[in-house]
Amino acid sequence: MMSGDEMEGALEARITSALREGVASTPEARERVMRAIRASAPPVRGGGGDAEIGGVSSVVARPFWRTPAFALLAAASIAGVIALVRAVGVEGPIPEVPGQRTVASRREGGPAPQSVVAAAAAPRAASVVDGRTRVGQVQFVFVAPQARRVAVVGDFNDWDVAAAPLTLAGGVWSGQLEVPFGRHDYAFVVDGERWVRDPNAPRAPADEFGGGYSVLVVDENSGAHR
Amino acid sequence: MTHFHVTRGDRGGFTISVKPTDAALVQRVLEGDVESFAVLVDRHHERCLRIALRLLGNSEDAEETVQDAFVRAYRALGRYEEREQFAPWLTRILVNRCRTAMSRRVRHGKTFVDDELAIAAAPTRDSADGGMWRAEVERALAALPAEQREAFVLKHVEELEYEAMAEITGAGISALKMRVKRARERLRVLLEGEHDS
C-alpha cells in the first residue's frame, strides 16, 4: 500500500507527464515562423528590438527618469500636479504650462473618482533609438493614494500590465516612458485588475476589444499631447 | 563554436555530424544569413510551443504567440549577448508574449475558467483514458492563477532551476517557490479524485 507521500509523488508524476506530452511541432508551423522572419526587418547589431526583451539598448542613453536631474524635476512636477489640482479642482482640464508637456493623468479617490489633466516636465521631448524609431518622453501621472499599484498600459507596450508600473510618491503615481511618435491608445490599470480611462483625454472609437481607451499623440512639436 | 557529435553506425563505423551552437547560429544570422535562424526555430519551436500551450491553454493562440516570440527575438538579435544562453533568452521573450496574450484575452473577455463547478461540468474532449486524463490536467492547470500556472509549468514541465526561472520571469526565487508550492497543492486538490479513479 502506498504512503501519502508516494501517492502525492505518483499524482505529480502523472500530471507533469500529461503536460509534457501531446505537443508536436510541425514543419508547417516552423515554416510559417520562417516566412514571418523573412518578411521582418533584419536585426540591428548592438541595439534595436523590443523594450520588453530586457536591459536598455546600448544606443539609448540612460533613461532620464533614472538620473538625479529627473528626481528633482519629478519632485517639482508632482508638486506642480498637486498644486494645479488644488487650484482648479478636478472638474476640468488644466491648461498647459509654457515650457512643459501635457501628460496623461488621472486622479482617483474620494466618493466619486474624477480625473485631472496635469502638466509636468518632459525635458527630453524626442530622440531616436535604434536608428529608426523616434520617441518622445511622456510622463504619466495618476493620483490614487489608496491604490496598491498602478501601471500604464497601451499599444506602445502591448497592453502588458507588468511593463510600465508607476511609482508612488506622496499619493501620486508617476512614471516617464519613451513612447514612439504617433497616435496611441492607453489606459491605467489599478491594482492589477481595474482598467481606468483618462476621461479628459480623447476616447478611441470602439474596437474588437470593446475600445474606448484614451488617446495620446506623440509628435515632433509637442513631445506628447492628447 | 561548433559541437561535434559522434555516433556509431550500423556497420561499426563512426559518423561525425557537426552541429553549430545556438550562439554560432546567432552570429551567422547577424552576418546576414537569415536561413540559419531556421535551425534555431527547428531546435526550439516544440519546447516554446509546449510552454505557450500550457500557459495559454489554446493551441491556436499558442502557435501565434510562439511565432510572435520568434519574430521579436529575431528583430532583437543584435541585443543577444553570447554570455547568455539563447534558450532562456528566447523563453523570457516567449513568457512575456504569453503574458501579453493573456492580458489581451482579458480584454476580449476570454478569461481562464476559475470556477471549480464549471471545470467539473465541462465536457471532456477525449474519450480515451490518456486523453481524458490530459484534458482533466489541462483544465485544472487553466484554473490556476496565471502566476502559479507560469511557475508550475517552468518548474515541473520544463524542469528549470529556480535561478533560471527568476531570470525568465523577473520574480524572486522565494516568490517562485511559493507559487509552485501553491500550484502543486491546488492541482492535487483538483485532480486527486480523477487520479484515484
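In chain B of this predicted model, residues 24 or more positions apart account for 55% of the contacts that have a separation of 6 or more. Chain B has 197 residues, and 41% of them count as buried.

The model scores ipTM 0.78 and pTM 0.54, while chain B averages a pLDDT of 80, with 74% of the residues scoring at least 70. Among the elements of chain B, the highest mean pLDDT, 95, belongs to helix 2 of chain B (residues 36-56), and the lowest, 38, to helix 5 of chain B (residues 116-121). Over residues 109-128 of chain B the pLDDT is below 50, and this stretch has 21 contacts in the model beyond near neighbours in sequence. Where pLDDT is low, the predicted coordinates should not be read in detail.

How do helix 2 of chain B and helix 3 of chain B cross? The axes of helix 2 of chain B and helix 3 of chain B (residues 59-75) come within 8 Å and cross at roughly 135°. Because of that angle, helix 2 of chain B is described as oblique to helix 3 of chain B, and the crossing in which helix 2 of chain B passes helix 3 of chain B is right-handed. On the side of helix 2 of chain B, the residues that make the contact include B:Phe37, B:Val41, B:Leu49 and B:Leu56, and on the side of helix 3 of chain B they include B:Asp61, B:Val66, B:Phe70 and B:Tyr74. Taken together, the residues of the contact between helix 2 of chain B and helix 3 of chain B divide into 12 nonpolar, three polar and two charged.

Most residues other than glycine have a negative phi. B:Glu159, however, has a positive phi of about 55° although it is not a glycine. Is B:Glu159 buried or exposed? B:Glu159 counts as exposed, because it has 10 C-beta neighbours inside 10 Å, and a residue with 12 or fewer is placed in that class.

Technical notes:
Residues are numbered from 1 along each chain as its sequence is written. Chains are lettered from A and ligands numbered from 1 in the order in which they are written. This is a predicted model: local features need pLDDT of at least 70, side-chain atom pairs count only at pLDDT 80 or more; totals for chains, interfaces and linings use all residues. pLDDT is the predictor's confidence in each residue, from 0 to 100. Helices (H or I, at least four residues) and strands (E, at least two) are DSSP runs, numbered from the N terminus. Two residues are in contact if their C-beta atoms, placed from the backbone, lie within 7 Å. Axes are lines fitted to C-alpha atoms, for helices over the stretch in contact, and angles run from 0 to 180 degrees between N-to-C directions. Angles under 35 degrees count as roughly parallel, over 145 as roughly antiparallel, 65 to 115 as roughly perpendicular and the rest as oblique. A crossing is left-handed if the near helix is turned anticlockwise from the far one by less than a right angle, and right-handed if clockwise. Ala, Val, Leu, Ile, Met, Phe, Trp, Tyr, Cys and Pro count as nonpolar, Asp, Glu, Lys and Arg as charged, and the others, Gly among them, as polar. A residue is buried if 20 or more other C-beta atoms lie within 10 Å of its own, exposed if 12 or fewer, and partly exposed in between; C-beta atoms are placed from the backbone.
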